Amino acid sequence: MITNLKKKALRNIFGEHLVYLGKKNKKICVVSCDLKSATKTSGFFKAFPKRSFEVGIAEANGLGVATGLALKGFVPIISSFGAFITGKFLEIRTSISYNNVPVKIIGTHGGFIGKDGATQSGTQDLSLMSSLPNFDVFQPCSPIETIKILNYIIKSGKPSYVRICRNEVGEVYNKNFKFIPGIHKELIKSKFNTIISSGPLIFNCIEATKILRKKKIQAGVINVNSLKPFNFKSMERLLKNKKNVLVVEDHVSHGGLSSLIYETIAKSKLNKINVKSLNLDEKFSESGTPSDLEKANGFDPKSIAKIFYEKFKLAK
Amino acid sequence: MSKKNKLNQFYLNSNKIRLYIIEMLFRAQSGHSGPSLSIVEILNYLFFQKKIYKNFNNRHNFVLSKGHAVPALYSVLFNLNLISKKSFESYREIGSKLQGHPDRTKLKYIELGTGALGQGLSVSIGFALANSMLKKNRKSFCLIGDGEIQEGQIWEAAMYAGAHRINNLCVILDNNKMQNETYTKNTLDVMPLKKKWEAFNWKVLEIDGHSYLEIHSAFKKFYNEKKRPTIIIANTVKGKGISFMENSALWHSKVLNKKDYIKAKKELTK
């Protein structure tokens, strides 16, 4: 595991890699809803103006335009804030999901985005999108994972939603990492205790395990980059023999990662596991710096560690 | 063929399509009769004169955005021998290719599954943009309803197509003046149609949507238009062709009983 690389924001990685992909694949086009610079598609617009479409502040139309482009063999990427674009649920449901059209939706600004506050923060996007037939739903945590997921969706021929957060993060993989949808990865192995998360919060969880180690509590970390498909057997194998599992998600638990973990346990014979969930149920985010928001909601490494040893009564 | 014969054939064909619609709806004991009957001449023209699907792999694109009127489209396809009698008779039955609302995953001639109103025009814009990028001299047609334009997405799309002067896009607005419950003007008035679309920078044509000559001349004008998207406001009669269904909101989706069916058939075959 590499964790010492220079920190980068995943949306920047997305923007840079999109230009690279655009050079290789002339079918890729981009639809923007007046958020080119925030969602980092400006580079693509500059490099490939003829394959770039600015629809203005009109996400519903943008989704439809992308659908038409995809039906004619193009590979359209439409990017906006996750909260905004998944808000056009009926348009995604009918034009894209029901018609099974390979439109690639990139939802940025998930979780604790910072000072812009609740209306701009995607905290229900993953469960909305996971409910839709035909859709793949992914969330990368690191630069390499972002690149591998983008490579995958361009070729998948399926409608996809990718939640890309704006946090600056390090790396947990090397460049040989192979992305297989639905297969989960135990980044830090541990016998009995583990923390499961998705996206950049993984790094807070990794830090939390370091704090726990100082308290002589060994805990591992499992990264989920694919919420749909979700391989329950893969998760079952990782959770075998585990006693205490904390799920950490900057999202509502219903239909999100916590639901999937509870479902894994219900579907398997892993009935001796204690599961706790740290999530954003019944609340919206608010204004503040991302780190203040994480602290206030218990998502910073210290709080995650504390929740772990308190909830599972491991404090000595 | 002489002009008179051509006209005769067009109207005979329209009548045949109407008979198929009535047959389908009676058999299924459900479906939308009024909004299907109002678009018969337009579809008849597009599919028989313009031969949209003559070469399926190099076709013009057509989206029926008012998806509930799909019996009219199925009847046109049946008349073209593109769907079998068995499929035709299975409309709205479980496992059928002919779903209550169009489904592209089940029937290849459906280019877009629709049913939640207001979405087809945006997709037709995508088709038009793709046709331009592919340098294909292919047109993108979209049929929308007058009630449907109450949906906000229609105006997002109208604004985009007008601003970008998408000239290979043609919308036909089935102005039958009614919607699900009652008259459009009593629900949410959509008038003045012409001024609205002109303000969005569209070329606006207004025609009798049941007249071959007017439909023909409108599409000719669209083919010659180089600067703007075209909208043909087709003034139509909901339930056209069957006296007791004409201009009746009741017949938006009323079930045909045997008596009505026989009466309707008699009117269409006299």
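**A strand pair, its sheet, and the chain beside it**

Val137(A) has Lys228(A) of β12(A) as its bridge partner. Helices and strands are DSSP runs, numbered from the N terminus, with at least four residues of H or I for a helix and at least two of E for a strand. The structure is a predicted model, in which local features need pLDDT of at least 70 and side-chain atom pairs count only at pLDDT 80 or more, while totals for chains, interfaces and linings use all residues. Residues are numbered from 1 along each chain as its sequence is written, and chains are lettered from A and ligands numbered from 1 in the order in which they are written.

Two strands are said to pair if DSSP finds at least two bridges between them. This pair belongs to an open sheet of seven strands in chain A, with the order β3-β2-β4-β5-β7-β6-β12 and mixed pairing. At the edges stand β3 (52-54) and β12 (226-228) of chain A, each with a single partner strand, so one side of each has no neighbour in the sheet. On average, neighbouring strands are turned by 20 degrees against each other, direction ignored.

Helices pack on this sheet. Helix α1 of chain A, residues 10-24, touches β2 (28-32), β4 (75-81), β5 (104-108) and β7 (160-164) of that chain, and its direction makes about 135 degrees with that of β7(A). Helix α3 of chain A, residues 59-71, lies across β2, β3 and β4 of chain A and runs at about 165 degrees to β4(A). Such angles run from 0 to 180 degrees between N-to-C directions, with axes as lines fitted to C-alpha atoms, for helices over the stretch in contact.

Chain B has eleven helices and five strands. Its radius of gyration, taken over C-alpha atoms, is 18 Å, close to the 18 Å that the globule rule (2.2 Å times the number of residues to the power 0.38) gives for 270 residues, so chain B is as compact as a globular protein of that length. Of these 270 residues, 51% are buried, meaning that 20 or more other C-beta atoms, placed from the backbone, lie within 10 Å of the residue's own.

The two chains meet where 22 residues of chain B are in contact with 22 residues of chain A, contact being C-beta atoms, placed from the backbone, within 7 Å. On the side of chain B that touches chain A, α6 (120-133) and α7 (152-163) of chain B each supply at least two residues. The largest share, nine residues, comes from α6(B).

Notes
A residue is buried if 20 or more other C-beta atoms lie within 10 Å of its own, exposed if 12 or fewer, and partly exposed in between; C-beta atoms are placed from the backbone.
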